[in-house]
Amino acid sequence: MVTRDALASTLVTLVQMAAVVALTPLLIGMMRATRARLEGRAGGRLTQPSRDLLKLLRREPLQADGTSLVSRAGPVALMATSLMLAALLPLVATRTSARVPDDLFVVVSVLLLGSVSLALVGLDSGSAFGGMGSSRHMTIAALLEPTVLLAVYALSIPAGSSVLSDIVATRAESPGTVISPVSLLALAALVMVILAETGRLPVDNPSTHLELTMVHEAMVLESSGRDLGWLELGSWMRLTVLLGLLGNVTTPWGIAGSAAPLTVALGLIALVAKVLGLGVAIAAVEVFLAKVRLFRVPELLAASFVLAFLAVSASYLVTGVAT
Amino acid sequence: MSPLVWAAVTAAAGGSVVSWLAPAPRRSLAAGIVAVLQATAGVALGVAVLGGARVDMALAPRGTALAALGRLTVQPTALGALFLVVMSAVALVAAVFAIGYVRGPSDSRTAWTSWFVFVAGLQLVAVAGDAVSFLLGWELMALGSTALVFTEHAARTAVRSAGLWYAAMTHLSFLLVLSGMAVLAGHAGSVDLDAIAAARPGGHTATLAWLLLATGFLTKAGAVPLHVWLPRAHPEAPSHVSAVMSGAMVKAGVYGLLLVSLRLLPAGPRWWAVALLVVGLVSAAYGILQASVTSDLKRLLAYSTTENVGLMITTIGLADLYRAADRDDLAQVALVATGLLVVSHAAFKTLLFLVAGSVLHATGERDLDRLGGLGPRMPVTSVTFAVGALAAAALPVTSGFVAEWVLLQALVRGGAPSDPVLAALLPAAMGVVALTAGLALLTFAKAFGIGCLARPRSDGATAAHEGSRWMGGALVAAAAVVVGLGIAPGPLSRSLASALAPGAASASPLGGVSLPGLGIGLDPLGLTLLALGCAAPVLGAAAWWARRAPRRRVELGWGCGGARVSPRMQYTATSYAEPLVRVFGQALDPRRELEVEHYDESRHLIHGIRYRHEVGDPVESGLYARGLRGVAALGERARSLQNGSIQRYLGYSFGALLVVLLVVSAW
Amino acid sequence: MTWAAIAGLVRRTGRVAEPVPEAPERSELAAPFAGSVQVRHVDAGSCNGCEIEVAAAFGPVHDAERYGARLVASPRHADGVLVTGVVTHNMAEPLRRTVEATPRPRVVVALGDCAVDCGLFRGAQGVVGSAEDVVPVDLKVPGCPPRPEQIVAALREVTGR
């Protein structure tokens, strides 16, 4: 029986990974299309990002003298961590039976491993811009970490577990926790975290051409061909999985609780709907935003930290009294 | 097991003799091998005790001069044995490294003798069964390490001031511990640690003893604000010595704190625990913040030691707090976290200091701003550096990740505590620990990325080369321990649980840590397999496309079409940390100087620009500088007492005599 | 600008993109790129007339992005280099380096009379020559400046869409 359960959970994991890989270019296409429509443009087709990716992956990478193995290994490492996130997080189904539970701290460390790979690729290019992007990226990541942990921790208190699947399952069972003040505070912090972590406005402008304002783009200026393809796909996949997680935390319905084919299919449909919905919403809001000055970003992050901190303290003090 | 004790003692004595007799060209090998034996004896003894062997013996033979000090009992507990293994293992790896590394003053007779004294002191502290042998070990450790810090005093003047700071602070620590032990021994009427523990002092005696001991141990551990010796002594000592100082010696302070909180004064008031927790958190945050903005590799590692020690102290305070709140299960988890942090930090910090030694040996530079491009030039050093940096940044799959994971579990598993103090402290602690982890990530991405990647920034770095095989072997061994503990922490966490938290039945499998009573486990082996499983398809696809479009080497990186692409245009460690200096400006006290020189002809033409950027240590410049100024002012005023007149001096003597006589007669 | 003002602007503007003109003939230039072409633009010494037209070509009305073309920040990301203006002494080496920094296969498009044959500035001081004198050119778009429609047509020839 163990083998059968293991097989089922492996299959669900593979479905999740495949779903994220397939969904990612579509998500980016939808976000670009949304933005284009609001700006009065026609915009590219929805399949354009996947065309771009396939072309990049087929193209030759260049390697300049003075760059090291990290320039080659970093993109693969980023891509591998993004796949790990897709495998670990509760996206299509909540699974706690797997050998590696989707513990919050494990997930965050995998996320950070990807961030570090990207930062090292930026440093390895040996150009001023690569280092600059890397430095900014790591500063933001460092200041984000307290918010990430506290925000998700605040959500985890009702579940009494730091395993994300348990959190989502608990929220699905008791909808009252979803709209509690603690939960809303934590979600607001989480949204800030996701925007900053994936380099969206107002922290970073994904479509900038001006090197001095870049964060993410500056790190990949030196990468080309296949390397760039992995970097782009890996970074976009982070957006997909984080939006998927956000979707399942805010609206924990539809996600499969077992490995039965029908529920998994339903979970898949729900995931696609949630991710695309959130993506379109973010793209629409981005039209109204300008990038904030880089040195104002820490203030933004501090504000989101305060929200997360309030959420945890409130839930400690308030539920402590109530129960 | 007493033969192992005598083996360690003999090795220490014999090693000192060997280092005096062996001729210079052979000295490092001869003395180094004895040092390896000394450390091995310590590891073996510790493992035997952890395996259940009992040792109870006196070091001082009856009728000898040593016996005047007391019996000098060697009676290691499981806790002491754990630290004995950690300290000896660190010394073992560092000794192997030293064989290939030492030269000049660090290969002198004095240096080697000091080494043996130092390591013997460390081992004695861990196994001591009474206060006298504990203090003897403490002082041997202090003396040996002070001599070693002074090793290169002739070559660099910075060494002298660092050595003075270190000597002052380490003896402050000794005096505090001595006084604390004296208070306890006076109350118990015995110097035996068991007797002291059984006496259970209370009230003001306990508070006084706790304050003295805790301050003494915190000084040795390098906690803020008593850390000032650490960022001076670690960088200036030879690197293999820095490795032992950071990997093993500061652990003596942690061992002392554990000794106090678990054995000597276990049932203290809650403010002790809160004080430890706060000191720990402040040390962690301050240490890593300083580490993140410094560009001196060894200074960076030293500040990171303050950070890690801070985390250990946090877990000790947390365990005490949980115990006071009747949550023994959580207290045990916190103690297991302490143990994992100790072992993990010993492993990776030793590795990183040895890496710094290897870099220094090869390039003559320890300033990250002048390094770079070491990857292809020093492959072994660079790869082991990467492993150590991953562990220091607490990323999988290294020992650092496992330790951090258990620490965070200990913090979040408190649930919603009904106790308001815990409810207020835990979220704050979690925020600080998470910020610490984030900054550690930046710090070590910077250290590794600037040090090893891209192009060399100085001639020294351009000419870098790998050192001897002894050095490479030591690096690889230390890296293997870091990764091994990261992939299979099961046996370690089991023995930690039995040594630190007896009664906690932990059934951790080989590949993972499972926390007793919490129903959660970490399986790094599974995580590793998952990572390999995820990397495999990516690598496969990359290999498939690589056949159609192979990688092409080009001469120049993209520098926006610029014709002058010099390595000096790369980001440096200083520039990397610049955003952080802005964000944390108030806590870092950065100083910037900008001088613009103009041509005589016109103020509009610039001849040259000089820019200086320095980040100080506000604790040092605020607290210590003010204190030292006060002492100096006092001394200045005391000079008026000395005016050279014989009559006045005779008067002083007479007065002093009178006072003594009065006191004696009144007694 | 308030959010309400932006929302009003979005509503009033609607869609301004012009209808898609007829697709160009298939060109062998498009073969390696499968309908996705990233372009790095180099101003080698232009009067900025062509730049305005390039901006218009990628703007809302002509919207070259819908045919799979996109401007990028680094030649490492690019499939093609768009050269405008006569090549001046100071820009000859950077232009050469930019083309060299682009992965192969790549296309170089000379845009505007100046880039094609030096136009007005032929023989002027500080001018090295046309783009073709410095780097191999695959496609020429004459005009002073070329109209956005022409630029879009040239880009569509490369994207094949």
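**Strand pairing and chain contacts**

Colleague: In S2(C), which residue is the bridge partner of C:Gln38?

Modeller: This is a predicted model, in which local features need pLDDT of at least 70, side-chain atom pairs count only at pLDDT 80 or more, and totals for chains, interfaces and linings use all residues. Residues are numbered from 1 along each chain as its sequence is written, while chains are lettered from A and ligands numbered from 1 in the order in which they are written. Strand S2 of chain C covers residues 69–71 and pairs with S1(C) in the parallel sense. There, the bridge partner of C:Gln38 is C:Arg70.

Colleague: How many bridges join S1(C) to S3(C)?

Modeller: Helices (H or I, at least four residues) and strands (E, at least two) are DSSP runs numbered from the N terminus, and two strands pair if DSSP finds at least two bridges between them. S3(C), residues 80–84, runs parallel to S1(C), with C:Val39 opposite C:Gly80. The number of bridges joining S1(C) to S3(C) is 5.

Colleague: Why is S1(C) largely enclosed by the rest of the structure?

Modeller: A residue is buried if 20 or more other C-beta atoms, placed from the backbone, lie within 10 Å of its own, exposed if 12 or fewer do, and partly exposed in between. S1(C), residues 37–43, is largely enclosed because the buried share of its 7 residues is 6.

Colleague: How many residues of chain B are in contact with chain A?

Modeller: Two residues are in contact if their C-beta atoms, placed from the backbone, lie within 7 Å. On the side of chain A, 70 residues take part; on the side of chain B, the number is 62.

Colleague: Which element supplies the largest share of the side of chain B that touches chain A?

Modeller: Several elements supply at least two residues each, including helix H16 (399–412), helix H17 (420–452) and strand S5 (552–554) of chain B. The largest share is 14 residues, and this comes from H17(B).

Colleague: Which residue in S5(B) is the bridge partner of A:Gln63?

Modeller: Strand S1 of chain A, residues 62–64, is joined to S5(B) by 3 bridges, and the two run parallel. The bridge partner of A:Gln63 is B:Arg553.

Colleague: Which helix supplies the largest share of the side of chain A that touches chain C?

Modeller: This contact takes 25 residues from chain A and 24 residues from chain C. Helix H2 (48–58) and helix H9 (225–250) of chain A each supply at least two residues of the side of chain A. The largest share, 5 residues, comes from H2(A).
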